[in-house]
Structure formats: structure tokens, C-alpha cells
Amino acid sequence: MNNESYSEKVFQDNVVNELEKYKWVSPEFLNGNIKKITVDDLINNWRNELNRLNADQLEGVPLTDFEFEQVMSKVKSISNSFEAAKILAMEGSVGKIDGIYRSDNPKITRKQITLTIFNKAEVSGGSSRYQIAREVWGVSGNRFDLILLINGLPLINLELKRADVPLENAFGQFKRYYKDGEYSNNFMAFSQMMIIMSEIETRYFATPKSTEDFNMSFVFNWADRNNNPVHEYTEVIKQFLMIPMAHQMVGDYLVIDESKDEEKRKHMILRPYQVYALQSIAAAAFGYDNEDKIPHGGFIWHTTGSGKTITSFKSALFLSARGGFDKVVFLVDRKDLDQKTSEEFKAYSSYEAVDVDDTKYTSILDTKLASPNRGIIVTTTFKLNSLVKELEQNNNYKLKDKKIAFIIDEAHRTTMGDMMVSIKGFFNKNALFFGFTGTPLFEENEVTGKINDKSELINTTEKLFGPLLHQYTIDEAIQDENVLGFHIDYINTGEFESYDKLRDDLIEIEKNNSSDSDLNIDRKYYALSNLEIEKIAVKNKLLYYNDDLHIPRVVEIILDNYEMQSQNRFFNSIFTVEYKERVIKYYNEFKKQLSEREQDLNVVMTFSFGNENDPDNVAPEIMSSMFKDYAKFTGIEFVSGDSRRGEKDYFEDIVDRSTRGGSGRNPKNIDIMIVAEQLLTGYDNKYLNTLYVDRQLKLQSLIQAYSRTNRIFGKTKEFGTIINFKYPETTKKQVEEALKLYGSGGTNNKVIMDEYNVAVNKFSNLVIELKQILNNPTDWPTIKDTPLQIEFIKKFKEVNNQFNVVSQYYAYKWDDKEFGITEHEWMKYIGAYKNLTPKIEIDIEPTPIQVLGKTKIAGVHIVDSKFIIDLIDKKVDIINGIRYIDDESLKLVYEKIQELSDLGNHSESLLLKEFVQNELLQGNIDGNETLDEIFSFWKKNKEQDEIFKFSENWGIDAQILIRSFERYSVLEPGVVPYIEDIIKNVDYSNAKDKGHGNHLKHVLELTKELPKWMKEIKSRY
């Protein structure tokens, strides 16, 4: 056993020993280190567990082979972990397999039965059993490190790595296992959570429903109650994988999203701070968190974008199912959010033992609240307040004695209104109130507030709801990579030349109007900051914004940079301005300039639509024109006032369509949404990467609006971009004040990204360091298999990470001088990195190589083997059915083959050169077939020749070797699939190479040589 495998074996033993301290058992019959264990062994174990769990249902007669075949037939129809999650929660959070017909037996009375397979609520007690399976071979020849079985089900998978191996490698292995079919239509589809672990780091994620859903952005660290990451594996096991927590993670803390949008359907596992929020609410609801055991309310401060809707749903579910409340009422403050939240809650509750009720009318709300059935009611603050008024006017107090838990979404908006205070006053006897907010109100917010019936001033979130139960702030979320930071630009659109010029103009004005000395006036103004100069200039009307000039400038700036900013319209944006009138002005200016540019961009506007008597309503002709414009790219025309296709439906379509990304993803998607107040809160869109702002935002409003851009997507979205077009210094100050209140404060934290010139400077300095390792990227072969290779790869990743950041700035444009490298040279460094990095079949996401956009280097980006084959095809002549090429064309082909090598495809370039020299120049290429097909066939034959040559040399069954080769991955260079079958079938007598002396030595050398040979051939072809 080599040191590498020994080290992982010792670590595995240590992990198992720790797990056994917390109610897990590791039976010998499931230990693959003692004997070979397969998934079939897990299935046999599960059969025993089914018999144990369902002894009453089975009437003491264990499942027969025929009956168990029916069970397995249903298991094999489970396509992925998401479908399995639904079976595990089929009947009120209890997993079932139904419709099993029993074999004839005089001892049984039931001809058809339903088997229980999992119970979320039976945690660390009841009938639950917790087992560890080790080194289990999967159906496709992969080996799983550890599988944690609950009632025999493989719900939790662990992949272990030595401390010096990146956890991304373990993530990549899981992805490859998935790609190989290990988790589809078989017993392992029951997997609900995957864990990648080393001695110094652990991360976890919900088992994805497809290979495409693997994303390192949704892989989480465990943390303690104070949001401090927990890394050391023994502590992770103690907090996270002990029983009952591990059971709860795949039970209570798992959410099934049965969304209407099929793309969004998945199951999710809560992040640590969400778990602690639930536990805090449970403790408050039962009074466990105070000596007097008095139940009380409070508020959860979880930053915008951290998944409050899911946390609040799980809280509502717990209070409804286990908290002993007659009703749980979820309050939102807008009708559009009422419907959106209802839909989300219904999607989450499809497989829970609770109903979610809509309340379209106040009368329905009254009926639902009075009903004896427990459940969750979603309604608006306005609707509930109307009901309270109606009940009080009629002296009807039938609801006052009800034990109701209220959960208030986005509590920063509802906290200080008359309605919330009156609702609390009415239900003050037996109700508890829990607020959820990303931006609570503090004394610093200077909110006017309201006086309650006890003459108390209610002007903060805490005064209304009670104590802070758990917090997770924006800086903590960014640190954990659960939300993105912001890059904030402050654009001078030409209303003033510079702050120095404003200062000089103010000095001139004062000198003309003051008796003070010129020297004193100069001193006074030169002592002022740019912020103070800006404020005085505004007061003196030296700085003002004229919409007739300002609006066209802003639109021009946006359009000039939009393709780059949106990454070719993959992402989209919101543009927020003040008042409906300015929304319309900007919309018309976009239409005008897009028409002048002969450019298409899907721009929409939306605002709050009043009733027909609202004096602030938009003119009918404007509405009609807006709907016609919308129909041009969506194919759907809305009609003002229509009950089925009116304003409400238009807004809902915008919300739905915009969350699918920009028009680069689909021509019917939306690129820019111009709004006044809408979509700045409660709107969640991972494809939104930019917020344009032409207005003033402060404190909670600023954080809420900015946070529309900070949803995690992947490495192509490193931060949310905010572009401000008014009062640069004043806006900068407002940003600092907001972040000080809601984060770590100021610009010295991770909330605000570096300014562009700082980010560029970091990149150029890293480029210098990269060049010190390898000055000429085409010299990469000189450092191959030397310590410099490892150093280069590590440094390149660092440089490329920084380039990914730089390329997403609004100001980004390639600059040879500032970057310290030409674009073409950078492409060659990318090529060197690719040539020095082993080819793997799957992307383990260390860092994507960013496409450079509108390159000035003609043809560089499209040089690949297909490009060269097509080039040869164009340059050859066909004479007597055979392809020939002239010397000048051949020289060009060789140049392009060298360029292919420089750009990172050295192995492919060697094959192309061999193909040209041995086939094309020898006149071996038929002119009747496509060259592309000939090259592919030639390359496959080369690979097969290598396999047959190796099998003949070593006396191996060629078909077994082919099967092993197809499964082999350089991601696990030491693992040879079907190695036992290969060794078992070695025929030493027929081996061409008998140089090792005898069969035993021959086999020992073969086991050493096989992984080296496979890695080399796999990389070459």
C-alpha cells in the first residue's frame, strides 16, 4: 500500500471512530476494507431494514424475493435524488413505497401493502438505525469512501481527501460518479447530501439532480451559531454529523421545491445560519431560551439574498406542525408578494404535513383563521388589518383567543406602520410575532414610528418584535461566499467638469459677494472635502441635473457599455429612477437611441399601477404603446384593465421572464427593467448582475436595492455591479453609512470590491510574477515535470482569478500597457496552463478561463483541431480520388498546428502533425469521405492500437482493458476500473513481454504500470 492510500485509509479510520461516538455503528459486513462490498450488499442490508421497520405491516412474514423485486423495480425507476426526496417525504414527511403485492401465504391478511422507508420526525429514537458503509463499489465501477445509512438508505455520501489535496478534487469525483450513472435509476439515487471532507476542511451540498447542477457556488462550510466556520473534522462531526443533527439535515432541514418552473425544481439543504434561525425560533416559541420558560417573539436578521423565504417557510412549518399553534400566518406587505410567497410556499409544502392557504378576499381570510384545521395562511398586512378593523367594529372577538404565530416577511417595511401596531394590539393575548428582515430598523434609521396602546414609541424592529434571535449580516454572507460583494461606480455624466473646477467657481462666487480676504476664502474652500464642495455646489445651484441633457447622457453611457457589462446579454439589469414620469422619459430615450443605433435590446418599464380613478395614473396611450412594445419580443400583448391580461399579469410576466436571464440566453427574455420602486425588494434573480441608479437611496433602501445584484451564480459573476449617475460624493457617503449600519462598515470590508484601477494593478503585478516563472509561454515544455510546473500552475490560477474579476468591471477594456501583457500573449499563457494541466473529462471548477470578448486578434479564439482540419480541406486538391497539398499551404497548416500547441492543445497538435505527415503527405487520404470523419476514425484507431498493443505485451484480455480504459479518469490517476477482473484474467503464457520472470512478479509490475499507461494514453487521445 503506498503512502497516499495509507494516509487516506488512516483518515477514514479516524472519521469512522469519531462517528461511532455519536450513535453511528460500523458493522464488519459493510466494511469494504475487510472484504469487497458492493451496492448489492447495501441493498441486501436495506431489505433486512425494511423487514424490521415494517414488521407489523408485514404481519411477521419477511419480504419474499418476488415482493422485494417489486420494491426494487420501483427503486430503479427513481431517476435522480430530487425524485427520491419526494418518495422520502411522500406521506406527511414519511417516506413510503406503496403498491407492493404480497405472495400467497396463509399467515397474511393484506394482499397489498405500503412500506415505510424513512420518517423525518423519528430522530435519534423510535425505529431509526444509523450505519456506516465503507469502500463500497458502485454499479459503474466507482468506489465510494463512506456512505451513511439511515434505516439502510444511503442518504449521506462522504468523499475523503488528505489535507494536502484540494476538496475540489473530491467534488469532481462526485460529479464524475454522477456522470457515470452511479446516482440514477438505482439504489444510490436515494442520496440526499454529499460531503467532501479533509482533516482541515469540510463542505456539504444537496445531491444534485443532474450533472449540470453541480456547482461549487452552492457547496457550503459548516459554521457555529455565531457564524464562525468550523473546519477541523472532529468538530464538524461533533456539531454536524452527530445524531440527531445528521438525521435532521436530510429530514427537517431539507426543502423540496416543486416549483411551477421545471428548471427550478430541486431539493435544498439548509445552510448553517438557516438551521440556527429555526432553532432560535423554536426556542423562543417554547420559552427554552429564558429561565422563566416564557414563550416570546423576536426577529431574525439575515441579510438580503441569504434565503430568508426558505428559512421563514421552514419556521412556519415547524410552528404549524410541532409548535402547538392553531394557525401560522405569514404576512407580506404587498399583494404581488402575497401571490409570489404563496406560490413559493406551496412549492415547498407539496410533500409536507401542512397546507398552505391563499386569502384572495378578506372574507376568505376570516374563514381560514376561524377554521379548526391547522396550517399556514399567506396574506397581506393590509388584508389582515382590514379584517381586524371589521371585527372590532362588530365587537367580534372570536379570533382573539386563538393561539396564532405570525411570521412577518421583510419586517423593515412593515415595522412602523399603523397596521402592524393595530394587528399586534388585537392579537396580543395568545399570539407570537416573528419578524424576518435583511435590514432591520435601528435608532440610526431615524424612523418616525408609532405610539402603541401602552404609550410606547415603536420606532425600531426590536421594539416591535422583541429581541434579536439570530443574525447573519452581509459581510458574513460575503465572507462565506453565500452572496456577492458589490463593485460601485460613481459616474460624472458631465454636469460638472471636476471637483477642482467646482471649488474654483465657488471661490469666485464668494470673492464677489464677501468682504472676507481672498486668502481666507481660498483657505476655507481648499480645506473642504469633495463631499462638502458637492453639497455647497448643489445649494448654490452650480451643480444640478437637467433631465433634457442628463437622461440622454445616461442612456448613451449604458448602451455604449451594455454588451460587455451584461456579458453579451447573458445577464440582465434593473435601472431605478424617481417617479413614474422619469421612468417613462427614460424608456422613451432608450427607444430613441436604440432606433438611431439600429440596435435591439429588450427594455421594459414597470411601476405601481393605480386604479382607474387614481390621479397619478399613466395615460392610456402610453400604456397601450408599452404593451405593444412588449409584445414585439415576447409575443404576448397585454391590455390595460383586462382581468386576464391586464397590468397585474404584465408585471407578473416581467418578474417571471426576467429571472431567466437576458436576451442572449433567449430572445424573449428581458435585458433592462426601468423601475421607480418595484423590484427593489423581495425580487430574487441570479441572472441580474447590474443595478443602474439615477436617484438617491439611503440606509435600508440602499442595501435592499443593491442586494438585488448579489445572488451567487458562478465564476462568471464575481460581484454585483452598481452604477450611480448622480451626486458621486454624496452617494459614496450614503453607501458608507449604509454598510456601517448593516455590515462591517465603510470601504475597508469585503462588501465593496476594489476600484477598477486597484484591481488592474493587482492583475498586472501578478502577471509580472507569472513571467518570472515562465517568461515565454511557448517554452512551457522546459518546465514540464519540474518543480516550476507546479509553481506555474498555482500562479496562473491566481492571475486568472484576478483577470476574471477585472473583466467584469464596467470600465473593463483590454489595455496592453496597464495590464502589462498583450491579449495574444495572455492567450498563450492560457495555452501553457492547459498544456501543463492534465486533461480531465469533467470541470471541477477551480477557475474558468474567461473568454476575452471582442478580441482584436483575428482567428486566435477559433484555432482548434476542427479549424485545422477544415483549413486542410480547403487547401488540398483531389487528384485521382486522393488528397494532395502544395508546399505553401502546407507551411500555413504547420503554422496553425503550432498555434494550436501554443494555445493549450499540444497533444492534439502532435496528432495533427502525425496525421498530416503519415497520411496526407503519403497520399493515403481518400477524397470521397469527409476529412473530419477520416481524422476522427484515424485517431480512434490509434487509441485502439495502443490498447491492443498493451494487452498483447502483458497478456491481458483486450475487451476487459477497453472497458476499464473507457471508465478511467485522470481525476483519479491511481484508480483503475475493473482492476480485479484485469488481474484475474492475465494470461502470462501469452504475454509478449515475459521479462519479469514469473506470473506473480508480472502481475505486480502490471499493477504499477497500468495507471501510468492509462493516464498517458487518456491524455494523448
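**Exercise 1. Helix packing**

Which residues in α33 meet which residues in α36? Work on the predicted model, and classify the packing.

*Solution.*
- Start with the contact list. On the α33 side, take E946, I947, F950, N953 and W954. On the α36 side, they meet H1002, E1005, L1006, E1009, L1010, W1013, I1017 and R1020.
- Next, sort the contact by class. The contact of α33 with α36 has 7 nonpolar, 2 polar and 4 charged residues.
- Now the geometry. Two packed helices are described by the angle between their axes and the distance between the axes.
- Helix α33 spans residues 931-954, and helix α36 spans residues 999-1020. Their axes come within 12 Å and cross at roughly 170°.
- Apply the cut-off: over 145 degrees counts as roughly antiparallel. Therefore α33 is roughly antiparallel to α36.

**Exercise 2. A covered helix**

Compare the reach of helix α23 with its expected span. Then list its buried residues.

*Solution.*
- α23 runs over residues 647-658 and has 12 residues.
- From first C-alpha to last, α23 reaches 16 Å. That is close to the 16 Å expected at 1.5 Å a residue.
- Turn to burial. In α23, 9 of the 12 residues are buried, and the helix is mostly covered.
- The buried residues are E647, D649, Y650, F651, D653, I654, V655, R657 and S658.

**Exercise 3. Aromatic pairs**

Classify the ring pair F187 and F190, then the pair W301 and Y742.

*Solution.*
- The structure holds 66 aromatic pairs. These are two of them.
- For F187 and F190, the ring centres are 5.9 Å apart and the planes meet at 75°, so the pair is edge-to-face. Both F187 and F190 are buried.
- For W301 and Y742, the centres are 6.3 Å apart, with 85° between the planes. This pair is edge-to-face too.
- Locate the partners. W301 sits in strand β12 (residues 298-302), and Y742 in helix α25 (residues 728-742). The two are 441 residues apart, and the pair links distant parts of the chain.
- Check burial against the cut-off of under 20%. W301 has 8% relative accessibility, so W301 counts as buried. Y742 has a relative accessible area of 1% and is buried.

**Exercise 4. The wider picture**

Find the members of the aromatic cluster that includes F763, then summarise the fold in numbers.

*Solution.*
- One aromatic cluster is formed by F763, F792, F796, F803, Y812, W814, F819, W826, Y829 and Y833.
- The protein has 36 helices and 28 strands.
- Of its 1021 residues, 54% are buried.
- Take the contacts with a separation of 6 or more: residues 24 or more positions apart account for 72% of them.

Notes
Residues numbered from 1 in each chain as written. Predicted model: local features only at pLDDT ≥ 70, side-chain atom pairs only at ≥ 80, totals over all residues. Heavy atoms only, no water. Axes fitted to C-alpha atoms, helices over the stretch in contact; angles between N-to-C directions. Helix = DSSP H or I, 4+ residues; strand = E, 2+ residues; numbered from the N terminus. Parallel < 35°, antiparallel > 145°, perpendicular 65-115°, else oblique. Contact = heavy atoms within 4.5 Å. Nonpolar A, V, L, I, M, F, W, Y, C, P; charged D, E, K, R; others polar. Expected span 1.5 Å × (residues − 1). Buried < 20%, exposed > 50% of the residue type's maximum accessible area, 1.4 Å probe, protein only. Phe/Tyr/Trp six-rings, centres within 6.5 Å; stacked < 30°, edge-to-face > 60°.
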